[in-house]
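Hello,

Here is the structure I promised to pass on to you. Please open it alongside this message, and read on once you have it in view.

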Amino acid sequence: MRVVDIITKKRDNLPLSREEIHFIIDGYVKGEIPDYQVSALLMAICFNGLNNEEQINLTMEMLESGESIGLSSINGICVDKHSTGGVGDKTTLVFAPIVAACGLKVAKMSGRGLGHTGGTLDKLESIPGFNISVSSEAFLKQVSDVGIAVIGQTANITPADKKLYALRDVTGTVDSIGLIASSIMSKKLASGASRILLDVKVGEGAFMKTLKEARKLAHSMVNIGNSLGRNTVAVLTNMNEPLGKMVGNSLEVIEAIETLKGNGPKAFTKLCYELAAQMLLMTNICKTRDDAIKLVKQKISSGEALNKLREMINAQGGNAKVIEDYSLLPMAKHKEAIVSRTSGYVSDINAEKIGLAGMMLGSGRENKNDVIDLGVGVEINKAVGDYVNKGEPLVTLYYNNKGRAAAEALVYEAYKIETEAVKKDDIILDIVR
Ligand code: URA
């Protein structure tokens, strides 16, 4: 087999066989195929796409390039949720305790934030003492005993994806549905859960800017998961404005705790409840959506879901007193309202710009190794659809020693205010099974 023949085949829009995909992935991981040839192939894939079979084969090859997490020792149904990434996305901190309180086992490996999007690990690390570097044995024991663990990656999973993703990042080849679907699903399959729920974000703050693109990605991922024996469902959700009111690590932890106490923002609460309900349906804990939503609400009102979060924080060495006393969390020294320069209805809040505003204050990383400030961020005071008077706060900035002016400029760029009332999109846009 010759690499150049595989590249020209894809250039001519012909499907690649499993053997050809194996040849490329295996050779690339071993360092036998150079970046320039793989770059050319990736660009041909961007133009001509991958069919369902190619996506499944690419996923399998990337999965088999590394280790997988074995969850067979866990007595119970192991579940996982993945978000394609958004601004203010603290959903895992609410979803996971709810479904764990319903008896499911959440064995979750999460990531850190980069650019305008945040990461669950950074949010959890704002809880004093919380340890995300847990050994595989301790992770499995915690999932068994407590029903929930959220940690950083332990095993060497999908090294092929890591190498390919880094190359895609610098060759303009990230934006391909087939490549994104195989990349995400290879990692989810390696994480071992038998049920996978995908939260596919749609909008300005997300990878997928339109519902049409997001549906395609969702169908690809659901097809890969189900074809490879994992029950997979995708929920398409709105990321045309930041999720909830808080953007920033400790601020988002507070909002997640408030949501578990039943006091969360309306749209964010609806999203968490819907995702949890879908998982209860996928695992046959409930037979109808109405029953599932009822059970979710009961786990919130009884305090059982909040208690699961407490148990997880305790198990991972964190100070669970933060649940009652938010002053134990890192908090910025300064707080300042950014006020509206006009009166009218908020018609749009560009989520990416709000995410970047947070990053300027230090809540996110511009580069992988940047040190972040866990106490800073942005509070959304006016959401899409709200009326604002001139001089009223649009957002409140929480900041320490950097980025205030840049963040303010981004907030003004992010907000669009019009004279006519606007219709707010629902948070749940579609469900793909
Ligand atoms: N996230 C991933 O893990 N992979 C992609 O290709 C895109 C987003």
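First, some ground rules. This is a predicted model, in which local features need pLDDT of at least 70 and side-chain atom pairs count only at pLDDT 80 or more, while totals for chains, interfaces and linings use all residues. Residues are numbered from 1 along each chain as its sequence is written, and side-chain values use heavy atoms, with hydrogens and water left out.

Let's start with the ligand. Around it are Tyr165, Arg168, Ile180, Ser183, Ile184, Lys187 and Phe207 (a residue is near a molecule if one of its heavy atoms lies within 4 Å of it). By class, this shell has 4 nonpolar, 1 polar and 2 charged residues (Ala, Val, Leu, Ile, Met, Phe, Trp, Tyr, Cys and Pro count as nonpolar, Asp, Glu, Lys and Arg as charged, and the others, Gly among them, as polar).

The ligand taken alone exposes 230 Å², and the protein buries 88% of that (areas by the Shrake-Rupley method with a 1.4 Å probe).

Helix 8 (159-169) and helix 9 (177-190) are the elements that give two or more residues to the shell, and helix 9 gives the most, with 4 residues (helices are DSSP runs of H or I, at least four residues, numbered from the N terminus).

Now the pockets. The space taken by the ligand is the largest pocket (on a 1 Å grid over the protein atoms alone, an open set of points where a 1.4 Å probe fits, with protein on both sides within 12 Å along at least five of seven lines; lining residues have an atom within 4 Å of a point). The largest pocket holds about 1,900 Å³ of space. Its lining has 49 residues, with Gly111, Arg112, Leu114, Tyr165 and Lys187 nearest its centre. Helix 8 gives the largest share of that lining, 6 residues.

The second largest pocket has a volume of about 440 Å³. Among its 19 lining residues, Glu241, Lys266, Ala267, Phe268 and Lys424 are closest to the centre.

Best wishes

Definitions and conventions. Sits in = over half its atoms within 2 Å of the grid points. Points joined across faces, edges and corners; volume = space filled by probe spheres on them.
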